[in-house]
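Student: I have a model open and want to learn to read it. Where do we start?

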Amino acid sequence: MELVEKRLAARARTGDREAFEELVEIYKDKIVQLGYRMLGNKHEAEEVAQETFIRVYVNLNKYDATHKFSTWIYRIASNICIDRIRKRRHAYSLDAEIHQDGEQNLYAALPDTSKSPEEQAVLGEMQVAVHDAVMSLNPTYRTVMVLRYFHDMSLQEISDVTNLPVSTIKTRIHRGREALRKKLSDIS
């Protein structure tokens, strides 16, 4: 896959629109998911994806093919998310973002299983609690936690995306887990 992405990026760099469209198709859902995990808002996550692909298109000539394309695009997307978090920090409550823009209640998004309504409600409450706890983390911890646990990136990949040493990534993951454990222990 990595080789395919590099070839597509090289073709897109020469003006091949179809190659760029293929790159968008490969990454659009992943970037929206990253945006949602970091920002907690579907509409904003879609805007992040759009802005990411615009920046990728404009800066294709700056892409270094000796590195993974996925690392480059995730770095762009996560930086956009962090910028948005910084801009809204003073204006909005993070808790208010979860139900904005008429999005469905998270309970309605739970898959239909054979669990009882009570079990489903408890599971839904737990998902909301975990989401709220992740959203309340400091953005430096939130970024590494989302990349590690929601996007299954290795420590080295996170290091490449964030441009931080692996040792710093390990520390931030450890501290992020501790902060989540503390926040979630109150609801157990």
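Tutor: Start with one cut-off: a residue is buried when its relative accessible area is under 20%. Keep in mind that this model is predicted. Now apply the cut-off to helix H2, residues 17–39. Its buried residues are Ala-19, Phe-20, Leu-23, Tyr-27, Ile-31, Leu-34, Gly-35, Met-38 and Leu-39.

Student: What share of the protein chain counts as buried?

Tutor: The figure is 37% of the 188 residues.

Student: How many helices and how many strands does the protein chain have?

Tutor: Eight helices and zero strands. Read from the N terminus, the order is α-α-α-α-α-α-α-α. Then look at contacts between residues at least 6 apart in sequence: 65% of them join residues at least 24 apart.

Student: How do I read a helix pair, say H2 and H4?

Tutor: Check the axes, then the handedness, then the residues that touch. The axes of H2 and H4 (residues 69–88) come within 10 Å and cross at roughly 35°. The crossing is right-handed.

Student: Which residues of H2 and H4 meet?

Tutor: From H2 come Leu-23, Tyr-27, Lys-30, Ile-31, Leu-34, Gly-35, Met-38 and Leu-39. From H4 come Phe-69, Ser-70, Ile-73, Tyr-74, Ala-77, Ser-78, Cys-81, Ile-82, Arg-84, Ile-85 and Arg-88. Sorted by class, this contact has 13 nonpolar, three polar and three charged residues. Compare with the burial list: Leu-23 and Ile-31 are among the buried residues of H2.

Student: Where does H2 bend?

Tutor: At Tyr-27, by about 45°. Tyr-27 is also one of the H2 residues that meet H4, and it is buried.

Student: What should I check at the two ends of H2?

Tutor: At the start, look for a side chain reaching a backbone nitrogen. Here a side-chain oxygen of Asp-16 comes to within 3.0 Å of the backbone nitrogen of Glu-18.

Student: Are Asp-152 and Asn-163 buried or exposed?

Tutor: Asp-152 counts as exposed because its relative accessibility is 64%, and the cut-off for exposed is over 50%. Asn-163, at 62%, counts as exposed too.

Student: Is His-151 buried or exposed?

Tutor: His-151 has a relative accessible area of 13%, so it is buried. It lies in the loop between H6 (139–150) and H7 (155–162). His-151 touches Lys-30, Gln-33, Leu-34, Tyr-74 and Val-146. A polar atom of the His-151 side chain lies 3.4 Å from the backbone nitrogen of Leu-34. Leu-34 is itself buried and meets H4.

Student: Where is Gly-176, and what does it contact?

Tutor: Gly-176 is in helix H8. Its relative accessible area is 0%, so it is buried. Beyond neighbours within four places in sequence, Gly-176 contacts Leu-137, Tyr-141 and Met-145. For the fold, compare sequence with space: Gly-176 and Val-134 are 42 residues apart in sequence, yet their C-alpha atoms are 8.7 Å apart.

Definitions and conventions:
Residues numbered from 1 in each chain as written. Predicted model: local features only at pLDDT ≥ 70, side-chain atom pairs only at ≥ 80, totals over all residues. Heavy atoms only, no water. Axes fitted to C-alpha atoms, helices over the stretch in contact; angles between N-to-C directions. Helix = DSSP H or I, 4+ residues; strand = E, 2+ residues; numbered from the N terminus. Left-handed = near helix turned anticlockwise from the far one by under 90°. Contact = heavy atoms within 4.5 Å. Nonpolar A, V, L, I, M, F, W, Y, C, P; charged D, E, K, R; others polar. Bend = angle between axes of the 7 residues up to and from the residue. Buried < 20%, exposed > 50% of the residue type's maximum accessible area, 1.4 Å probe, protein only. Polar contact = N/O pair within 3.5 Å; in protein donor to acceptor, adjacent residues only side chain to side chain.
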